[in-house]
Amino acid sequence: RGLGDVYKRQGGKSIMGMKRFFKKELYEIVKTHKVIVIPSVFLTFGLLSPLLARYMPEILMATVPDAVNIELPEPVVLDAYDQLFKNLNQIALLVTVLTVMGTVVGEKIKGTATLVLTKSVSRFQFIISKFLANGILFTLALILAYIGCMYYTSILFSGFYMYHLWLSFFLFWLYGMFLIAITIFASTISGSHILAAVLSFMGYTLVNLLAFAPVIGRYSPGALGRFSTGLLNGSKSPGDVMATVLITLLLSGLTIGLSVLVFEKQEL
């Protein structure tokens, strides 16, 4: 049974029901203070990245004995964005995974999923609303990180713009949205918070490891993080990343689709 058949079977469910449930998801994000905590984490890394890029060479030089003669390259604008992508990938995306991994399994354990689904919300709408709500929070947080990084970069490096800057930002956003889809799938197939956490981290780790695999690595969604820097330093062109972008979009859609199909077959 395909995803289209699932949606048609649930066609009688009200669009108004989905709107109400989507608003409920946004309210939960505000109520649990995620709307403050997550963007604050991202903004912090956005502000710190250009600072680290600008002053890290001086800090390192201060720790080197006077007898050792080394020269470090002068930091440039690219270093600020490279530091941003590293910080976001290593820590901020993990925070995103932590935020999302209980979004479906938590509702199943508490029994609220059963209550919602007996009303005017289909299982398709349930999963899609979860994905969209978490995607909006992630997008907001990422925009704040970008703004903070560009602001301090313009101050510390007398300029912030680089060729393909916006495309680089888009690639990293797409990578984050794919991780959200993977995490929702892990949460959907899990029956406990612990299993959801284990599967989510396994998915995050696997995606990142595949990016370094020979041949197929460049087509892995995990490669988008490295491509973001590659576009800025000139080692990659938009044509080089197009296939990976399309594959990531396809895999994101398939992952959410699988989440719906698995959720359809579960007894709550």
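Visitor: Which helix gives the most to the lining of the largest pocket?
Guide: That is helix 2, which contributes seven residues to the lining of the largest pocket; please keep in mind throughout that this is a predicted model.

Visitor: And which elements give two or more residues to that lining?
Guide: Helix 2, which covers residues 15-31, is joined there by helix 5 (105-110), helix 6 (112-117) and helix 7.

Visitor: How many residues line the largest pocket, and which lie nearest its centre?
Guide: The lining consists of 25 residues, and those nearest the centre are Lys24, Glu25, Glu28, Glu107 and Lys130.

Visitor: Changing topic, what secondary structure does the chain have?
Guide: The chain has eleven helices and zero strands, and its C-alpha atoms fill a box of roughly 75 × 40 × 30 Å along the principal axes.

Visitor: Which residues touch the most other members of the largest nonpolar core?
Guide: The core has 67 residues, and the ones touching the most other members are Phe42, Tyr81, Leu88, Phe126, Ile127, Tyr146 and Phe169. Helix 7, spanning residues 123-156, supplies the largest share of this core, with 15 residues. As a general background, nonpolar side chains in soluble globular proteins tend to be buried together.

Visitor: What does Tyr81 touch, then?
Guide: Setting aside residues up to four places away in sequence, Tyr81 touches Cys149, Met150, Thr153, Phe160, Met162, Leu165, Phe169 and Leu232.

Visitor: What about Ser259, is that buried or exposed?
Guide: Ser259 counts as buried because its relative accessible area is 0%, while the cut-off for buried is under 20%. Ser259 sits in helix 11, residues 238-265, and, leaving aside neighbours within four places in sequence, is in contact with Ile127, Ile184, Phe185 and Thr188. Across the chain, buried residues make up 47% of the 268 residues.

Conventions:
Residues numbered from 1 in each chain as written. Predicted model: local features only at pLDDT ≥ 70, side-chain atom pairs only at ≥ 80, totals over all residues. Heavy atoms only, no water. Core = buried A, V, L, I, M, F, W, Y, C linked by side-chain atoms within 4.5 Å. Buried < 20%, exposed > 50% of the residue type's maximum accessible area, 1.4 Å probe, protein only. Helix = DSSP H or I, 4+ residues; strand = E, 2+ residues; numbered from the N terminus. Contact = heavy atoms within 4.5 Å. 1 Å grid on protein atoms, 1.4 Å probe; cavity = no way out; pocket = protein on both sides within 12 Å on 5 of 7 lines; lining within 4 Å.
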